[in-house]
Amino acid sequence: MINVTLPDGSVRELPDGSSPMDLAVGISKSLAKVAIIATVNGQDWDLKRPLEGDSEVAIVTRKDDKALEVIRHDTAHIMAQAVQELFPDTQVTIGPSVEDGFYYDFARDEPFSTEDFEAIEKRMAKIVDADIPFEREVMDRNEAIAMFEKMGEAYKAELIRDLPESEPISIYRQGEWLDLCLGPHLPSTGKIGKAFKLMKVAGAYWRGDHRNAMLTRIYGTAWSDEKQLKAYLLRIEEAEKRDHRRLGKQMELFHFQEEAQGQVFWHPNGWSLYRLITSYMRRRLEKAGYQEIKTPLLMDRKFWEQSGHWDKYRENMFISSIDQEDKVLAVKPMNCPCHVQVFNQGQKSYRDLPLRLAEFGSCHRYEPSGSLHGLMRVRGFVQDDAHIFCTIDQITEEVKDFCALLKSVYADFGFSEIKIKFADRPEQRVGSEEVWDMAEASLREAAEASGIDFEYNPGDGAFYGPKLDFVLKDAIGREWQTGTIQCDFNLPERLDASYVGDDNDRHRPVMLHRAILGSLERFIGVLLENYAGKVPMWLAPRQLVVATITSEADNYGQKVCDALKAAGIRAETDFRNEKINYKVREHSVGKVPVIAVVGRKEEEEGTVALRFLGEGGKKQDVLSLEEAIAKLTDMGTPPDMKRV
RNA sequence: GCCGCAGUAGCUCAGGGGUAGAGCGCGUCAUUGGUAAUGACGAGGUCGGGAGUUCAAUUCUCCCCUGCGGCACCA
């Protein structure tokens, strides 16, 4: 007999060889019905896999979050089975569950198309209907390799070869079909249900390495019931409406065209938003002790050779030359070396540190064509860049201040959920191991001291130093890096930056590279998606439209608009010969936060009827002109100016 | 850069080997109205670019460009 401890602490006795399924049946029939898998001593376990001695067991049901992962993984398996049955010349590789669904990577000469989806989905449904049991089997390593090779599954054989010798090789069978897999799986295919849908095909490199073969990936989504699936599909549809590229057109913010691939043409509304953001940032930076500078766009190639960028990023740099001079200039891909030049002018003392030099730095990078994405990834962009030159002792304090400033700025822009990643030394890097040890330890310590939650992102640091990256999500959940702070002991060395210490000796300063918004372009993209274009009033390019009901009110409307403008509100008039319904609709669709409706009544009473975006016109405020100005001025004041 | 898909009016999209279609927008006229679309009329297109097949190509084939979804890359 074995003793099984349940999550509530109670203990049950079961015969040797019992499985979690036996346990579930023993507890209640209904539990056995909704059971998906179990966790045994904290490890995921198939329901039918026998327990190995006394254990702590928890039954995972369909309602648990974990259940979705298993359902998705199982769905990936049956998709692979369906694909191989329909297309026998296909090799399987890997197929994990991911956020909202799953994928499976296949190797096949002819790629799949979305037109194949219907047939694959039908075959999948058949496999579910057949209710085939999933069976786990542990195989000998060499036998498993031989078996997969015989089956023509070269990728699977390679995977097993690369597993550590100690790793048991588990195989999961569903009828005739089998796959190398860690598990766990449901008891049978019938338990998966049919709340799945194939979504898209994509290319993906074998093992994520571009030197390897390109496989065909099929993405699908799977849920525990139809209702969840429908809700998910609806959510995706809604999210697509918030796409910043779509909003950019609708709100007349910006456009792109072929002749300037990856570069933005900002229109009046978009540039207005852009300037509101930079003005806000300038106020925040000045208060935080930064000094703004401006440095050249074109610099001699020698300069980039010295910094190390030429070696690592030559292929991604735009270069320029002129007939009269035998020189190659590079368009700056980043600002750091330029800031070091400013630092290097004259002599710096320890008394000058920390020195914080900020620039809205216009940078150009030849980004791979396939990576361009609206405002999120462009070839010409502006960073809210700054470099803090400081001593080693000052790192912690500076990083702490930076994190606090960033959080406060993000809160003002309506972001509370920020993902933070700590990235350490990459394979290709400059500087000695000792310097890296020091830089990583300093940054990590400083990050811990600032009390932020970060995850570890090994090997993803900059070539000159480790970094903390701040990541925001777009409308459909894609992650974009925005803020960053990087701890650099290397560039000051390469570019010969120094200061005189209190010991009268020369020392190397540490350089903290940092950006809060990252690229203005990307940040605006994320911001627009976050607000679905309905940005808060202080950021709205057009804050208010005075819409008249009849042309008799035009004179009064003009008076109202002039008064609002004089009070600093970004107001316009709409005197067109259109019905008020039409005007309200158009400006609502245009995402103008406030519409001031004026007609004969308002003129007689000296009032305005304010209608606020997103409130369906239910709550309209009829105020005197003076009251309206007071209210709107308050609403339109940037958050930082309200705090002073 | 790699794999797949797409490109038709200012926008969103339908169509399909033989004078090119809709809705919205735009222009003109009528209408002066009370909180999400007033009506009528009109203008607007080398169907992304190039080559090929064909009596005939926007439609079929190939190449290129750009965009979209992934992958890879991201100082």
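# Helix packing and RNA contacts: worked exercises

Helices α17 and α20 are oblique to each other, because of the angle between their axes. The model is predicted, so local features need pLDDT of at least 70, side-chain atom pairs count only at pLDDT 80 or more, and totals for chains, interfaces and linings use all residues. Residues are numbered from 1 along each chain as its sequence is written, chains are lettered from A and ligands numbered from 1 in the order in which they are written, and side-chain values use heavy atoms, with hydrogens and water left out.

**Exercise 1.** Describe how α17 packs on α20.

*Solution.* Two packed helices are described by the angle between their axes and the distance between the axes.

- Step 1: find the helices. Helices are DSSP runs (H or I, at least four residues), strands are DSSP runs too (E, at least two), and both are numbered from the N terminus. α17 covers residues 554-566 and α20 covers residues 625-636.
- Step 2: take the angle and the distance. The angle is about 40°, and the axes are 10 Å apart. Axes are lines fitted to C-alpha atoms, for helices over the stretch in contact; angles run from 0 to 180 degrees between N-to-C directions.
- Step 3: name the arrangement. Angles under 35 degrees count as roughly parallel, over 145 as roughly antiparallel, 65 to 115 as roughly perpendicular and the rest as oblique. The pair is therefore oblique.
- Step 4: The crossing of α17 and α20 is right-handed.
- Step 5: list the contact (heavy atoms within 4.5 Å). V560, A563 and L564 of α17 meet L625, I629 and L632 of α20. These residues divide into six nonpolar, no polar and no charged. Ala, Val, Leu, Ile, Met, Phe, Trp, Tyr, Cys and Pro count as nonpolar; Asp, Glu, Lys and Arg as charged; the others, Gly among them, as polar.

**Exercise 2.** Which arrangement do α9 and α16 have?

*Solution.* 

- Step 1: α9 (residues 268-287) and α16 (residues 520-530) have axes that come within 11 Å and cross at roughly 110°.
- Step 2: that angle makes α9 roughly perpendicular to α16.
- Step 3: α9 brings L273, Y274, I277 and T278, and α16 brings L520, E521, I524, L527 and L528. By class, this contact has seven nonpolar, one polar and one charged residues.

**Exercise 3.** Work out the packing of α13 on α14.

*Solution.* 

- Step 1: the axes of α13 (residues 395-412) and α14 (residues 433-449) come within 8 Å and cross at roughly 50°.
- Step 2: this makes α13 oblique to α14. The crossing is right-handed.
- Step 3: I395, T396, V399 and K400 of α13 make the contact with S442, L443, A446, A447 and A449 of α14. The contact residues divide into six nonpolar, two polar and one charged.

**Exercise 4.** Which residues come nearest to RNA strand B?

*Solution.* 

- Step 1: a residue is near a strand if one of its heavy atoms lies within 4 Å of it. There are 54 residues around RNA strand B, and M334, S369, I549, N577 and E602 come nearest.
- Step 2: sort the surface by class. It has 20 nonpolar, 18 polar and 16 charged residues. α18 gives the most, with seven residues.
- Step 3: pick out polar contacts (here, pairs of N or O atoms within 3.5 Å). The side chain of Q620 has an N or O atom 3.0 Å from a base oxygen of RNA strand B. A polar side-chain atom of E258 lies 3.1 Å from a sugar or linking oxygen. For H210, a side-chain N or O atom is 3.2 Å from a sugar or linking oxygen.

**Exercise 5.** Where do the prolines P184 and P354 lie?

*Solution.* 

- Step 1: a cis peptide bond joins G183 and P184, with omega about 0°. P184 is in the loop between β11 and β12.
- Step 2: a cis peptide bond joins L353 and P354, with omega about -5°. P354 is in the loop between α12 and β20.

Methods
A polar contact is a pair of N or O atoms within 3.5 Å; within protein, one must be able to donate a hydrogen and the other to accept it, and residues adjacent in sequence count only if both atoms are side-chain atoms. A crossing is left-handed if the near helix is turned anticlockwise from the far one by less than a right angle, and right-handed if clockwise.
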